[in-house]
Amino acid sequence: GDSCAAISWYTAYLRCATRTVDRSRVLSNRALCNQRIAQFELALADAKASADMDPQWVKAYFHQGTALEALGRREDAVAALRRGLVLGENSD
């Protein structure tokens, strides 16, 4: 897909989205798009913001982990992924 177009759409949506859960999901999706175009710092910022808005959203931690790994911060990446795994294990 066209990650740049998706980033633009998500950014526009964030200007008018009012529900926290919607904002969290959109930030998580935009984090993935930023990773796809190698904008790892932006991806990390969006993933962190997503988790801050909804600490139970597992994908936010996955996107944090993959962005941190791409930035060479492996210990931080493992910690973020572990947080997501704990949430995933407790969601059943």
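**View 1. The buried residues of helix H2 pack against helices H1 (3–16), H3 (40–53) and H4 (58–70).** This is a predicted model, in which local features need pLDDT of at least 70, side-chain atom pairs count only at pLDDT 80 or more, and totals for chains, interfaces and linings use all residues. Residues are numbered from 1 along each chain as its sequence is written, and side-chain values use heavy atoms, with hydrogens and water left out. Helices are DSSP runs (H or I, at least four residues), numbered from the N terminus. H2 itself covers residues 20–36, 17 residues in total. From its first C-alpha to its last it reaches 25 Å, close to the 24 Å expected at 1.5 Å a residue; the expected span is 1.5 Å times one less than the number of residues. The buried set in H2 is Ser-24, Val-26, Leu-27, Ser-28, Arg-30, Ala-31, Cys-33, Asn-34 and Gln-35. Here, buried means under 20% relative accessible area, exposed over 50%, and partly exposed in between (1.4 Å probe, protein chains only).

View 2. Tyr-10 counts as buried because its relative accessible area is 16%.

**View 3. Arg-30 sits in helix H2 and is buried.** Its relative accessibility is 15%, so this arginine counts as buried. Not counting residues up to four places away in sequence, Arg-30 touches Ile-7, Tyr-10, Thr-11, Leu-14 and Asp-46.

**View 4. H2 and H3 pack at an angle of about 160 degrees.** Their axes are 8 Å apart; axes are lines fitted to C-alpha atoms, for helices over the stretch in contact, and angles run from 0 to 180 degrees between N-to-C directions. That angle makes H2 roughly antiparallel to H3 (under 35 degrees is roughly parallel, over 145 roughly antiparallel, 65 to 115 roughly perpendicular, and the rest oblique). The crossing is left-handed, meaning that the near helix is turned anticlockwise from the far one by less than a right angle; clockwise would be right-handed. On the H2 side, the contact is made by Thr-20, Arg-23, Ser-24, Leu-27, Ser-28, Arg-30, Ala-31, Asn-34 and Gln-35. H3 brings in Phe-40, Leu-42, Ala-43, Asp-46, Ala-47, Ala-49, Ser-50 and Met-53. Sort the residues of this contact by class and you get 8 nonpolar, 6 polar and 3 charged. For the classes, Ala, Val, Leu, Ile, Met, Phe, Trp, Tyr, Cys and Pro count as nonpolar, Asp, Glu, Lys and Arg as charged, and the others, Gly among them, as polar.

**View 5. Ala-38 lies in the loop between H2 and H3.** What is worth a look in its backbone? Phi of Ala-38 is near 65 degrees, a positive value in a residue other than glycine. Ala-38 counts as partly exposed, because its relative accessibility is 44%.

**View 6. H3 and H4 pack at an angle of about 155 degrees, with their axes 8 Å apart.** H3 is therefore roughly antiparallel to H4, and the crossing of this pair is left-handed. From H3, the contact takes in Phe-40, Ala-43, Leu-44, Ala-47, Lys-48, Ser-50 and Ala-51. From H4 come Ala-60, Tyr-61, His-63, Gln-64, Ala-67, Leu-68 and Ala-70. By class, that is 10 nonpolar, 3 polar and 1 charged.

**View 7. Gln-64, in helix H4, is buried.** At 5% relative accessibility, Gln-64 makes the buried class. Leaving aside neighbours within four places in sequence, Gln-64 is in contact with Leu-44, Ala-47, Lys-48, Ala-51, Ala-80 and Arg-83. Tyr-10 and Gln-64 are 54 residues apart in sequence and 18 Å apart in space, C-alpha to C-alpha.

**View 8. H2 and H4 pack at an angle of about 20 degrees, with their axes 9 Å apart.** That makes H2 roughly parallel to H4, and H2 passes H4 in a left-handed crossing. Ser-28, Ala-31, Leu-32 and Gln-35 of H2 meet Lys-59, Ala-60, His-63, Thr-66 and Ala-67 of H4. The contact divides into 4 nonpolar, 4 polar and 1 charged. Leu-32 is partly exposed, at a relative accessible area of 28%. The C-alpha atoms of Leu-32 and Thr-66 are separated by 9.2 Å, with the two residues 34 apart along the chain.

Note on methods. Helix = DSSP H or I, 4+ residues; strand = E, 2+ residues; numbered from the N terminus. Contact = heavy atoms within 4.5 Å.
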